Amino acid sequence: MTSNTALRWGLYGMLILFALFYLMPLFVMLTTSLKSLEEIRTGSLLALPRDITFAPWAEAWSTACAGTQCEGLRPFFWNSVLMAVPAVLISTVIGALNGYVFAQWTFRGANLLFAAILFGCFIPFQVVLLPMAQMLGLMGLAGTIPGLIFVHVIYGLGFTTLFFRNYYVTIPQELVRAAKVDGAGFFRIFWSIFLPISLPIITVSVIWQFTQIWNDFLFGVSFSGAGSQPVTVALNNIVNSTTGVKAYNVDMAAAIIAALPTLLVYVIAGKYFIRGLTAGSVKG
Amino acid sequence: MPILQIDHLQKAYGDTHILHDINISIDEGDFLVLVGPSGCGKSTLLNCIAGLEPITGGDIQIAGRNVTGVSPKDRDIAMVFQSYALYPTMTVAKNITFGMKVRGVDKATQDTKLAEVSRQLQIEPLLHRKPGQLSGGQRQRVAMGRALVRDPKLFLFDEPLSNLDAKLRVSMRTEIKKLHQDLNASIVYVTHDQIEAMTLATKIVVMKGGVIQQIGTPAEIYNRPANMFVADFMGSPAMNLIPARVRVDAGQTRIEIARDGAEPLVITDPVARDLPAQIILGVRPEDIHEATGNAHLPGTAQGAGGEVMIEIVEPAGADTFAVTHLGGKAVTARLRAESAVRPRAMFPLAFDLSKVSYFSPTDGERLN
């Protein structure tokens, strides 16, 4: 009994230690972003701010210079929203339909095609850069937000198809057969029977895709134009284009702002994320 | 006009032939049971009738209409699946009315039909529950409700009772039979359970390896099996199939059955038959009686039986089964419950040959 309790306390101690370790960078970022430059220079890295100031946040949001443009993160943040939201929705919807077909309406050569789509998950970003640039040029989408949406949808399809296919494959085929006898067609069955049970896997797909797309830097820096750069590219530019004294507090505030949406999505839907990832692994 | 007619149906996946030249015809109100061991193609045949599997050759007609290339929804059928296949996110009521909703039936008709069917199946209190909150038997009822509400030309049942426990299975069996009688519905029913087949069917199709072995009424299948497979498959305990030698003399058929450690057992069939020298004698366990006190039964004169060594006695409540060894095969006799039979003792058995079956030992086909 006592050794058991000791073990338990030890376990909690370890977990708390790890949690502190992982939270440390966030703590430093947050405290630094609330300090004045003067205080950063004179104080310790781990110390709490003596005078809390939100000026760095305001500067990061609306006046910091990214290259020659000094409008802060705001315009780029909206670029990212305009890019990520449609890209996540489109890739999730198409992935759901793909998965539905691969799991329930198999056809000759379906396995080969699925393997090919899966292969897409393993292609490194760098490999597709040049051909994709050429494609976007041909389509007249180079340097635009729709172009970035296109790239992210294509690149994400492998993952979303995999998610939905593996989720739907656990659903008995008899369900589709019953619906067919009942008179329902391809889209009706998808809409009335499959979509209502898909919340866990939709959550997985949305979180995964949103995190990938929002955090992406390489595609963003390669395929965006002057007016279409996503927030990650702007963050890089802000951090790198300071002249004179480095404004650590502004950099930290900008980094937190750029990371906030993914953090928020995960906090809101994280419970379903874990549940969705493990769904189907146990018969329930 | 037959409600279902299948002509020369073939089904193959690539080079693998699943169904060979299937010909079946049933009339309105018939209860057709497709029975056979697993892998015999019975479920595939049902799916072909439903239109869920395309067929490789032949024709299917439902109520006089050729539906061979028609999609399931336009065949005027309803189907009950083995796993019930209830839509998990819909309530019981929505499950039942889904088909009508898809077909654009107006709401008032939907409600009337729903009320009617739920009363019939006694599922009124369950209408607002989800399938996950129902027991196996309740799900089964809902699945049947979904089929009944459609009022189709033909009902298809794919092993609907196999997921229920033994007791519930028997009571649901009775209910399905009652439903069939009340509605005068035409039903095709797949099962691997020969007792279900016997109790429910007006017509049985016994299948093996994608080939129809026999089509007939339950009585025909039971009393005059077309071959040894059917004889062995239908009936529990199975028909005794005993290798024997035949001698025909003086208008009688003498059958000699070899046995270990004793003279051959000789029984006499009073009918002269044209049989080969080597046969397989098929006798149901209930046609083997205790010899004493049964002298009035036909064919139980002293010539049609003898003393045999009983090996095992299995009391089963209503009956007692006695197992002996004849012609190298275990032979079971169904005796009265209060029979004095004892294991490892000699016991007189009489063979009633009025319903006897003779099979060819080479191809297993029926000879009489």
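How many of the 368 residues of chain B count as buried, as a percentage? The value is 51%. Buried means under 20% relative accessible area, exposed means over 50%, and partly exposed lies in between (1.4 Å probe, protein chains only).

This is a predicted model: local features need pLDDT of at least 70, side-chain atom pairs count only at pLDDT 80 or more, and totals for chains, interfaces and linings use all residues. Residues are numbered from 1 along each chain as its sequence is written, chains are lettered from A and ligands numbered from 1 in the order in which they are written, and side-chain values use heavy atoms, with hydrogens and water left out.

**Stop 1: chain B as a whole**

Select chain B. Its C-alpha trace spans about 75 × 45 × 35 Å along the principal axes. Color by secondary structure. Chain B has eight helices and 20 strands. Helices (H or I, at least four residues) and strands (E, at least two) are DSSP runs, numbered from the N terminus. Now think about contacts, meaning heavy atoms within 4.5 Å. Take the contacts in chain B with a separation of 6 or more: residues 24 or more positions apart account for 66% of them.

**Stop 2: B:Glu290**

Select B:Glu290, in strand β15 (residues 288-290) of chain B. Is B:Glu290 buried or exposed? It counts as buried, because its relative accessibility is 12%. Show its side chain. It makes a polar contact with the side chain of B:Ser339 (3.2 Å). Another polar contact joins it to the side chain of B:Arg336 (3.4 Å). A polar contact is a pair of N or O atoms within 3.5 Å; within protein, one must be able to donate a hydrogen and the other to accept it, and residues adjacent in sequence count only if both atoms are side-chain atoms. Set aside neighbours within four places in sequence, and B:Glu290 touches B:Leu335, B:Arg336, B:Ser339, B:Phe347 and B:Pro348.

**Stop 3: backbone details in chain B**

Go to B:Pro237, in the loop between α8 (228-233) and β11 (240-249) of chain B. The peptide bond from B:Ser236 to B:Pro237 is cis, with omega near -5°.

Next, select B:Asp21 in strand β2 (residues 16-26) of chain B. Its phi is near 40°, a positive value in a residue other than glycine. B:Asp21 is partly exposed, at 38% relative accessible area.

Then pick B:Gln122, in the loop between α3 (107-120) and α4 (136-148) of chain B. B:Gln122 is not a glycine, yet its phi is positive, about 55°. With a relative accessible area of 58%, B:Gln122 is exposed.

**Stop 4: two helices in chain A**

Move to chain A. Select helix α5 (residues 110-121) and helix α7 (residues 145-168) of chain A. They pack at an angle of about 125°, with axes 7 Å apart. Therefore α5(A) is oblique to α7(A). Axes are lines fitted to C-alpha atoms, for helices over the stretch in contact, and angles run from 0 to 180 degrees between N-to-C directions. Under 35 degrees counts as roughly parallel, over 145 as roughly antiparallel, 65 to 115 as roughly perpendicular, and the rest as oblique.

Show the contact residues. Among them are A:Phe114 and A:Ile117 of α5(A), and A:Tyr155 and A:Arg165 of α7(A). The contact residues divide into eight nonpolar, three polar and one charged. Ala, Val, Leu, Ile, Met, Phe, Trp, Tyr, Cys and Pro count as nonpolar, Asp, Glu, Lys and Arg as charged, and the others, Gly among them, as polar.
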